[in-house]
Amino acid sequence: MSSNIRQNIQLLVAFFTVLLGGTAGYLYFENNWSVLDALYMTVITITTIGFGEIHNLSPAGRIFTIVLIFAGLGLAAVFVAQVAKVIVQSGIRNLYEKKKMNDRINKLEKHTIVCGYGKIGRAISLKLYELGLDFVVLDNDEEQLIEAEQRGYKILHGDAAVDGVLLSAGIRRADFIVLCINDDASNINISLAARELNPDIFVVARGTDPSIEYRMLRAGANTVVYPLDLGGEQIGHILARHAGVAEPEEKGPVAHEVMGYSLRIFPHYDSAPTTVAEVKGKTGAISALVLHRADGTDIENPSDELELNYGDSVLELVKKDGACCELQNNIKWSENLLLGIPSIDAEHRVLVRYAEDFQSALRDGQDHDAIARLFDRLLEYTSSHFAREEAFMQKRGFPEIEKHMKEHRRITREVMDLNRDKKYIFPDSIDSFLQDWIINHINNTDRQYVKYFKGDK
């Protein structure tokens with residue numbers, strides 16, 4: 001148990017002990033007093049409200065009152081101050097975070113508003129992030145928004161059918177709005193509101209009932225998409241191809257491949273520095289075109305002697321059949337990773353298993369799409385795990401939660417960057433990052449709050 005929680009509990013116990021002692025004292029020294037009278041007299045005495053005696057006090061009762069004032073006045077003041085401190089700090093932090101987010105949203109122009117952060121909204125937001133497009137996630141479920149914020153998205157809490165909420169999301173400056181709430185009536189209402197506030201906005205609505213599509217179009221939607229139909233069609237194509245009914249699609253060179261050559265990115269997520277020459281040797285690249293530093297600076301045509309530190313990356317020119325780097329870190333679950341908190345340990349097991357599946361896909365040489373789906377699954381689970389872990393620490397009053405949250409944000413930001421560039425990254429070059437992301441984070445960062453909760457500070 002943390003010291004803050006322990007101190008608050010001790011203060012609460014002491015305060016109620018004084019209330020109980022004061023009530024019992026008045027019942028003992030004064031005749032014909034009810035429990036309510038004694039409790040009321042105790043409260044107005046230790047809080048110095050000064051309403052006066054509710055009954056005439058005996059000499060013994062007055063002496064007891066003097067003792068009660070000295071014993072309870074300071075304690076009551078500390079108790080009230082502590083309650084006020086918690087309320088004020090929480091309010092200031094929430095106001096500051098909300099203002100900072102509103103400032104970011106107010107700077108957006110020609111952006112997209114995503115209404116609803118369920119499974120569809122989550123997938124849409126991830127794709128927008130990968131494409132580098134500006135967007136705002138709008139939802140009235142705070143738990144859903146916590147995960148969206150964890151990923152670095154701009155978020156706004158509220159009902160998308162309310163004009164004020166849409167205006168706060170920058171509806172008049174936006175180019176697109178996506179309605180992905182699993183309720184056609186709600187999407188119709190939002191479409192009407194959006195079209196009224198911005199007649200030129202392009203509205204994409206999720207639909208569940210094709211029979212009322214015309215209503216959505218009349219309400220202002222430019223197009224209606226049916227995710228279940230799209231999913232069923234895709235499954236049908238897969239079954240048809242495997243049954244030999246339809247010819248498999250021709251797989252020509254992807255857009256970023258020309259004459260057998262392509263551009264690839266090597267991100268360096270190892271604590272030990274390496275050189276451009278060593279990276280070229282690992283990847284079999286023909287040349288290094290750009291060295292991108294973690295601070296955002298770029299060095300074109302970097303020399304082989306330049307070093308890469310954690311977070312730096314190299315843009316390389318590679319041949320399609322060039323060499324590939326090998327996995328250096330074999331991520332595997334070990335009892336050494338147990339923290340002693342069953343709920344957290346269970347989630348860590350899943351996280352490690354997903355990382356194992358990802359690495360197995362790399363070793364087995366699975367196609368890029370399969371590897372990308374496994375990486376997406378790993379990202380999805382990590383975001384929700386971080387949110388639950390932060391809620392766990394916040395509930396128990398971990399004093400270094402802000403530092404831990406910054407570490408979560410750093411890891412999530414790096415994962416999102418990898419996910420956005422996954423078509424260009426050497427899949428088998430991110431195992432060092434997985435080691436830092438999962439194993440080192442559990443063994444180092446997570447063990448800090450475990451030590452605190454166990455009193456080993």
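Author: Two strands pair if DSSP finds at least two bridges between them. Keep in mind that this is a predicted model.

Reader: How many bridges join strand E1 to strand E2?

Author: Strand E1 covers residues 112-115 and strand E2 covers residues 135-139. The two run parallel, and Cys-115 stands opposite Leu-138 in E2. The number of bridges joining E1 to E2 is 4.

Reader: Which strands stand at the edges of the sheet?

Author: The open sheet has 6 strands with parallel pairing, in the order E3-E2-E1-E4-E5-E6. An edge strand has a single partner, so one side of it is left without a neighbour in the sheet. That applies to strand E3 (154-157) and strand E6 (223-225).

Reader: What does the twist average from one strand to the next?

Author: The sheet in question is the open one with the order E3-E2-E1-E4-E5-E6. From one strand to the next, its twist averages 20°.

Reader: Which strands does helix H7 touch?

Author: Helix H5 (residues 142-150) lies across E2 and E3, at about 165° to E3. Helix H7 (residues 184-197) also packs on the sheet, and its direction makes about 165° with that of E4. The strands touched by H7 are E1, E4 (176-179) and E5 (202-206).

Reader: With which residues is Trp-437 in contact, leaving aside neighbours within four places in sequence?

Author: Trp-437 is among the residues with the most contacts inside the largest core. Beyond its sequence neighbours, Trp-437 is in contact with Phe-375, Leu-378, Leu-379, Thr-382, Phe-386, Ile-411 and Val-415.

Reader: Is Asn-32 buried or exposed?

Author: Asn-32 lies in the loop between helix H1 (3-29) and helix H2 (35-46). Its phi is positive, about 60°, although it is not a glycine. The cut-off for exposed is over 50%; Asn-32 has 80% relative accessibility and therefore counts as exposed.

Methods. Residues numbered from 1 in each chain as written. Predicted model: local features only at pLDDT ≥ 70, side-chain atom pairs only at ≥ 80, totals over all residues. Heavy atoms only, no water. Axes fitted to C-alpha atoms, helices over the stretch in contact; angles between N-to-C directions. Contact = heavy atoms within 4.5 Å. Core = buried A, V, L, I, M, F, W, Y, C linked by side-chain atoms within 4.5 Å. Buried < 20%, exposed > 50% of the residue type's maximum accessible area, 1.4 Å probe, protein only.
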